[in-house]
Amino acid sequence: MDDFQPPLRLRLDGAALQSNWRWLARQSGAAACGAAVKADGYGLGARDVMQRLAQAGCRDFYVSTWAEADALMPLAKGLSLSVFHGVRDDDMAYAVGSPARPVLNSLDQVRRWLAHCPDRPCDIMVDTGMNRLGLALDDIGDKAIDRLTINTLMSHLACADEDSTMNARQRDRFAATAAQFAGARASLANSAGICLGDEYAFALTRPGLALYGGIPRREAVGNITPVAYPETQILQLRSLTAGETVGYGATFTAPTAMTVGIVNAGYADGLYCSLGPSMTLSYRGDHCAIVGRVSMDLIAIELPDDAREGDWVGIDFDLAVLAQNSPMSQYELLTGLGQRWDRVWF
Ligand SMILES: *Cc1c(COP(=O)(O)O)cnc(C)c1O
């Protein structure tokens, strides 16, 4: 891959990533602020994200699977890495030799961990109402739990991005549970949870989306800045005469003579057709409209007559605006970007 200069690149602002983490860390008050780097750092590149956040002072990192943990090895001294999805039988052989900790989600996982490495530290997730992963509150009294060496006790908020009464309900349940685990660090808040205020921060927060420039709640507006700037290269220019059509289905007909550029990105790169008219591109600072259908690897755009092949075109990637105006969430927009972008940090 190093031998190629891909015709599509994701310019990534390392200073913005660090400043987003610093804001989230400040909002976390006395709590430590970690970072969710699952799904390859929400599509930006987990290893590069981790290195930059560690430099800013972040110590606690989270992935979903052991394969994701393995991709971040060797772990730098002083860093902590947890695997949200716990341990299956199939993970155990790897997990016993890994410096990463599982987040145990069920009594089966608890017993499996105790059977293989009774003295190794782990994290546990308790379910306080989301009914996704996590031990039921009733399971907490099980004797097996007492035998664990628990580093972090977690739960996850279902509705933190909304002003829901469920937030306070989950927080209160979690506070009551955390009181029974005095030796463990308590961690509840994701990005949106941090925005809910101090009483959600406990000992440790776990933001993801907002690190990468996503706006989880209105409180983040003006404080969280974009990190990812996708750009694509013009592969070919065409001069159309009035009446000619463009692309699959011939859905666009040139109303007058015009110049069209074919750029190297498409729905396989996360620029989904469902973004529709809310997706725009920019060339030399001016917006240019998409003409015709988005293809798998190509998009046709209207360009000025003096545009040149090989020039770069920006994809307007305001996550909050795009999510507002399309069926895609900010999470889907980031994690959908795919592997073909050349990720270039500046
Ligand atoms: C993904 C995830 C996070 C981070 O959530 P964001 O909404 O991206 O801030 C935190 N905790 C758990 C358990 C997660 O799965």
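Buried means under 20% relative accessible area. The model is predicted.

Q: Is Trp-66 buried or exposed, and what is its relative accessible area?
A: The cut-off for buried is under 20%. Trp-66 falls below that cut-off, so it counts as buried. Its relative accessible area is 5%.

Q: Which kind of aromatic pair do Trp-66 and Tyr-94 form?
A: The ring centres of Trp-66 and Tyr-94 are 6.1 Å apart, and the planes stand at 65°. Planes over 60 degrees apart meet the cut-off. The pair is therefore edge-to-face.

Q: Where in the chain do Trp-66 and Tyr-94 sit, and how many residues apart are they?
A: This pair links distant parts of the chain. Trp-66 is in helix H4 and Tyr-94 is in helix H5. Their separation is 28 residues.

Q: Why does Leu-271 count as buried?
A: Leu-271 lies in the loop between strand S14 and strand S15. It touches residues that include Met-279, Val-294 and Trp-341. Leu-271 counts as buried because its relative accessibility is 0%.

Q: Which ring does Arg-9 lie over?
A: Arg-11 lies over the face of Phe-346, at 4.5 Å from the ring centre. Arg-9 is at 3.7 Å from the centre of its ring. That ring belongs to Trp-312.

Notes:
Residues are numbered from 1 along each chain as its sequence is written. This is a predicted model: local features need pLDDT of at least 70, side-chain atom pairs count only at pLDDT 80 or more; totals for chains, interfaces and linings use all residues. Side-chain values use heavy atoms; hydrogens and water are left out. Helices (H or I, at least four residues) and strands (E, at least two) are DSSP runs, numbered from the N terminus. Buried means under 20% relative accessible area, exposed over 50%, partly exposed in between (1.4 Å probe, protein chains only). Contact means heavy atoms within 4.5 Å. Rings of Phe, Tyr and Trp (its six-membered ring) pair if their centres lie within 6.5 Å; planes under 30 degrees apart count as stacked, over 60 as edge-to-face and the rest as tilted. A charge sits over a ring if NZ of Lys or CZ of Arg is within 6 Å of the ring centre and within 35 degrees of the ring normal. Lists of a residue's contacts leave out its neighbours within four places in sequence.
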